[in-house]
Amino acid sequence: MSDIGTILAIPGDGIGTEVVAEGLKVLEAVSKKFGFSFTLKEALAGGIAYDKTGTPLPQKTLDMAKESDAVLLGAVGGPKWEDLDYSVRPERALLGLRAELGLFANLRPAKVFPELADASTLKKEVVEGIDIMVLRELTGGIYFGEPKGITKLEDGTERGVNTLIYTTGEIERIARVAFETARKRGKKVTSVDKANVLECTELWRKVVIKVHKDYQDVELGHMYVDNCAMQLIRNPKQFDVILTTNLFGDILSDEAAMLTGSIGMLPSASVGGKCGMYEPVHGSAPDIAGQGKANPLATILSVAMMLRYSLNCLEAADAIETAVASVLKEGYRTPDIMDDKGQLTGTAKMGDLVVKALNQ
Ligand code: IPM
Ligand code: MG
């Protein structure tokens, strides 16, 4: 039996624990089916880590992640921790893991399962067949730029600052990932910036054009972010790979997610370092946490991405995706994707059904 490596599970907060449990259930099943083994470890991050250790990203978690081949993360954050200082908010754990693991490339696919085309708030004919990959730069830009912070002014008011920075090197490496990704898909990259206003993204556009010279087989287009937000609603089928900055990618990936019917369906992969990190795009959803209502499919599909991008188990990844499609085809639905013909299904049952479909 071949060993595929060490996987670190970080369930985190809210529905994170519920959906990661289902992801691991499916991982276990797929490993049996394909005859591979793995070492599973678990660590704390987010609000739960803050409560237990006083920091959202304990050094131990970071060390364990660095020694792993892949991290499967649920979600972090919740109202309980919203009043904490920025430096210890649960979200810091995510940013810290991304930065420390060197995960500069975030892949967020938005693909519509045919069975869910009706679940979108947009018309079926607009969303049917969309297959978009949002590629978000993840360790730079305004999320990390210095100076940042809130300072007091002499008149007693305050001044808040964040800084948008990108260097040539940072743009080049993410652009290469975009072109390489597009080569394996629809061979089209739309680079999204705000080059009409922000100098930093004028550089972004210039560098992307330069890198494109090495990828003449891929079509390159540019779009301002406001227009892209509009085009995603107007005609999403025009997109293949959307290449963009950290902040724009945060926003556009939520928008693209919603085209698919539910953000509860979308997986993500963060790569660039030795250890990749895989997580559902949805957050910790504190409003439904602990009720067994969460959709675990985004996490289960994140396990598939983990097997494909970090652990080189392509067949197993395909099998999980096929199993998810067949469960949807049979009509099983968590509340977020429920329709009049669907069969209402809870979190754990959905995991069981995917396992069953895998073994069929
Ligand atoms: C995401 C989230 C995070 C981000 C938050 C929770 C820090 O919105 O992964 O998209 O802004 O990157
Ligand atoms: Mg986000």
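Trainee: How do the residues lining the second largest pocket divide into nonpolar, polar and charged?

Mentor: In this predicted model, the lining of the second largest pocket divides into 14 nonpolar, 1 polar and 7 charged residues. The lining has 22 residues, and those nearest the centre of the pocket are Pro109, Met133, Arg185, Arg308 and Tyr309.

Trainee: Which elements give two or more residues to that lining?

Mentor: They are strand S4 (105–111), strand S5 (131–137), helix H6 (168–183), strand S11 (267–271) and helix H10 (297–309). H10 gives the most to the lining of the second largest pocket, namely 4 residues.

Trainee: And how much space lies in it?

Mentor: The second largest pocket holds about 630 Å³ of space.

Trainee: Why does the largest pocket lie between the domains?

Mentor: Domain 1 and domain 2 both give residues to the lining of the largest pocket, so it lies between them. As for the elements, S3, H4, strand S6 (145–152), strand S7 (158–163), helix H9 (246–259) and strand S12 (276–280) each supply at least two residues of the lining of the largest pocket, and the largest share, 5 residues, comes from H4.

Trainee: How do its lining residues divide by type?

Mentor: The lining of the largest pocket has 15 nonpolar, 10 polar and 11 charged residues.

Trainee: Changing topic, how many cavities of 30 Å³ or more does the structure hold?

Mentor: The structure holds 1 cavity of 30 Å³ or more, with about 40 Å³ of space in the largest cavity. Val327, Glu330, Leu353, Lys356, Ala357 and Gln360 line the largest cavity, and helix H12 (residues 347–358) supplies the largest share of that lining, 3 residues.

Trainee: Let's look at H3, then: which of its residues are buried?

Mentor: In helix H3 (residues 59–66), the buried residues are Thr61, Leu62, Met64 and Ala65. These residues are on the same side of H3 because they cover an arc of only 165° around the axis. Gln59 and Lys60, on the other side of H3, are exposed.

Trainee: What covers the buried side?

Mentor: The cover over the buried residues of H3 includes strand S1 (2–12), strand S2 (36–42), strand S3 (70–75) and helix H4 (91–100). H4 also gives 5 residues to the lining of the largest pocket.

Trainee: I was also looking at threonine 201, is that one buried or exposed?

Mentor: Threonine 201 counts as buried, because its relative accessibility is 0%. It belongs to helix H7 (residues 199–212), and, leaving aside neighbours within four places in sequence, threonine 201 is in contact with Leu164, Asp193, Lys194, Ala195, Thr245 and Phe248.

Trainee: And what does glycine 272 touch?

Mentor: Not counting residues up to four places away in sequence, glycine 272 touches Gly102, Leu103 and Phe104. Glycine 272 lies in the loop between S11 and S12, and with 44% relative accessibility it counts as partly exposed.

Trainee: Now the backbone: which peptide bond is cis, with omega near 0°?

Mentor: The peptide bond from glutamate 146 to proline 147 is cis, with omega near 0°, and proline 147 is found in strand S6. For context, most peptide bonds are trans, and most residues other than glycine have a negative phi.

Trainee: What is phi for alanine 285, and what is phi for asparagine 312?

Mentor: For alanine 285, phi is near 40°, a positive value in a residue other than glycine, and for asparagine 312 phi is near 55°, also a positive value in a residue other than glycine.

Trainee: Where is asparagine 312 found?

Mentor: Asparagine 312 is in the loop between H10 and helix H11 (314–329), and this residue is exposed, with a relative accessible area of 63%. Alanine 285 is in the loop between S12 and H10, and at 23% relative accessibility alanine 285 counts as partly exposed.

Terms used:
Residues are numbered from 1 along each chain as its sequence is written. Chains are lettered from A and ligands numbered from 1 in the order in which they are written. This is a predicted model: local features need pLDDT of at least 70, side-chain atom pairs count only at pLDDT 80 or more; totals for chains, interfaces and linings use all residues. Side-chain values use heavy atoms; hydrogens and water are left out. Buried means under 20% relative accessible area, exposed over 50%, partly exposed in between (1.4 Å probe, protein chains only). The arc is that of the directions from the helix axis to the C-beta atoms. Contact means heavy atoms within 4.5 Å. Ala, Val, Leu, Ile, Met, Phe, Trp, Tyr, Cys and Pro count as nonpolar, Asp, Glu, Lys and Arg as charged, and the others, Gly among them, as polar. Domain bounds come from an automatic or database domain assignment. On a 1 Å grid over the protein atoms alone, a cavity is a set of points where a 1.4 Å probe fits but cannot get out, and a pocket is an open set with protein on both sides within 12 Å along at least five of seven lines; lining residues have an atom within 4 Å of a point. Grid points are joined across faces, edges and corners, and a volume is the space filled by probe spheres set on the points.
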